[in-house]
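Biologist: I am new to this structure and would like to learn how to read it. Could we take it feature by feature?

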Amino acid sequence: MQHEPARRSWAGNPLFGAAHRISSFINSARLKMARKTHFQPATVPYMGYGSTTQVRILARVMLAARALPGSRADRAARDGNQNIRGWRAFTSVPIPEREVDIEIGDARVRVKADRGGLVDTTVEVDLEPGWHTATIRASGTPSAEAPLLVLPPDMEFGILSDIDDTVMVTALPRPLLAFWNAFVLNERARMATTGMAVLYERILRAHPGAPAFYLSTGPWNAAPTLSRFLHRNLYPVGPMLLTDWGLTEDRWFRSGREHKQDNLERLAQEFPRMKWLLVGDNGQHDEAIYSEFAQRHPENVAAVAIRQLSVGEAVLAGGHTPDMDHSGSAIPWVYAPDGAGLAEQLRKIGLV
């Protein structure tokens, strides 16, 4: 079963249709060029999640450059300890609408990747809580294994965290700096936000078995880099919910705000008993998004924690939003510039 947010059609817009045709032509040309070189088909799995009866599977089908033996990329693929420039994650070419077979326990399904090569589908299962493995195989590619986090029916607390400027300092809203961070810098040059990893570790120690999810407007191409960053900086392992760049069925570019809103709504439907600690920053509309979600689903929000950007970070990020007035809210809101400050305030309301 595919989950798709409601969208209005732009089928009658000739300019938008022409842009789609140009985009398809460019991707077709890239595919032909990649097939003539040392690129090879691959299924790239991402960490999935779900309940004991239904899981969400995420993966991408693409042509990726084959790492030459002994190269830095080859060493990184084997040991994960090499510096990798961000642009390398964007050299792969998506294979559109390829059929994909998925196996999880006794469940077997066949789905089709979208025009960007992305697989985002829900599979009915019968699984025990804990970690599982989904085998994903696109036609013409080797099979790949995706880790899968299955939450127990009685799980009632989890962390849902933004990434950019919340757990990692990136100054993402500025286009030039976003390009530099995404395509030029290696992952070791990115800075972890002070105290946030310790904060998450303390929260999860107080709530044994609780999951940590990461919701970001970053592209799926960057998922391996982000995973390595989170692991290297001792953040808890958890599913990442990212997005794609470029044309969609209803607009020229994907809306980061809508991406976050859609995934929050989806999590509320998938885990109706779950209360989330929503963590973000005051530089990317997180406050407004979380406030709207808390008003619609107060039963699904334990508290909201907002990291306040420093003056320098706010300048690089293109400004910040002033702290909103939540004095009338039944849901606790806490603000601080780092993990230690947030931990102290969350301790006072019993979450740490």
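Biologist: What do the buried residues of α9 pack against?

Modeller: Helices (H or I, at least four residues) and strands (E, at least two) are DSSP runs, numbered from the N terminus. Contact means heavy atoms within 4.5 Å. Here the buried residues of α9 pack against α4, β14, β15 and β16. This is a predicted model: local features need pLDDT of at least 70, side-chain atom pairs count only at pLDDT 80 or more, and totals for chains, interfaces and linings use all residues. Residues are numbered from 1 along each chain as its sequence is written, and side-chain values use heavy atoms, with hydrogens and water left out.

Biologist: Which residues of α9 are buried?

Modeller: Buried means under 20% relative accessible area, exposed over 50%, and partly exposed in between (1.4 Å probe, protein chains only). In α9 the buried residues are Gly 339, Leu 342, Ala 343 and Leu 346. Seen down the axis of α9, they fall within an arc of 105 degrees, so they line one face of the helix. That arc is taken from the directions from the helix axis to the C-beta atoms. Exposed residues Ala 340 and Lys 348 sit on the face of α9 turned away from the buried side.

Biologist: How does α9 lie relative to the strands?

Modeller: Axes are lines fitted to C-alpha atoms, for helices over the stretch in contact, and angles run from 0 to 180 degrees between N-to-C directions. Helix α9 (residues 339-348) lies across β14, β15 and β16, at about 150 degrees to β16. Helix α4 (residues 196-206) lies across β9, β12 and β14, and runs at about 165 degrees to β9.

Biologist: What is the order of the strands in the open sheet?

Modeller: Two strands pair if DSSP finds at least two bridges between them. The order of this six-stranded open sheet is β13-β12-β9-β14-β15-β16, and the pairing is parallel. At the edges stand β13 (240-243) and β16 (333-336), each with a single partner strand, so one side of each has no neighbour in the sheet. From one strand to the next the twist averages 15 degrees. Strands β14 and β15 are joined by six bridges, and Leu 278 stands opposite Val 304 in β15.

Biologist: Where is His 326 found, and is His 326 buried or exposed?

Modeller: His 326 is in the loop between α8 (311-316) and β16, and is buried, with a relative accessible area of 14%. A polar contact is a pair of N or O atoms within 3.5 Å; within protein, one must be able to donate a hydrogen and the other to accept it, and residues adjacent in sequence count only if both atoms are side-chain atoms. The side chains of His 326 and Tyr 335 make one of 3.4 Å.

Biologist: How many aromatic pairs does a search of the whole structure find?

Modeller: A pair of aromatic rings is described by the distance of the centres and the angle of the planes. Rings of Phe, Tyr and Trp (its six-membered ring) pair if their centres lie within 6.5 Å; planes under 30 degrees apart count as stacked, over 60 as edge-to-face and the rest as tilted. The search finds five pairs. Tyr 49 and Phe 271 have ring centres 6.1 Å apart and planes at 40 degrees, so that pair is tilted. Tyr 49 lies in strand β1 and Phe 271 in the loop between α6 and β14, so the pair ties together parts 222 residues apart in sequence.
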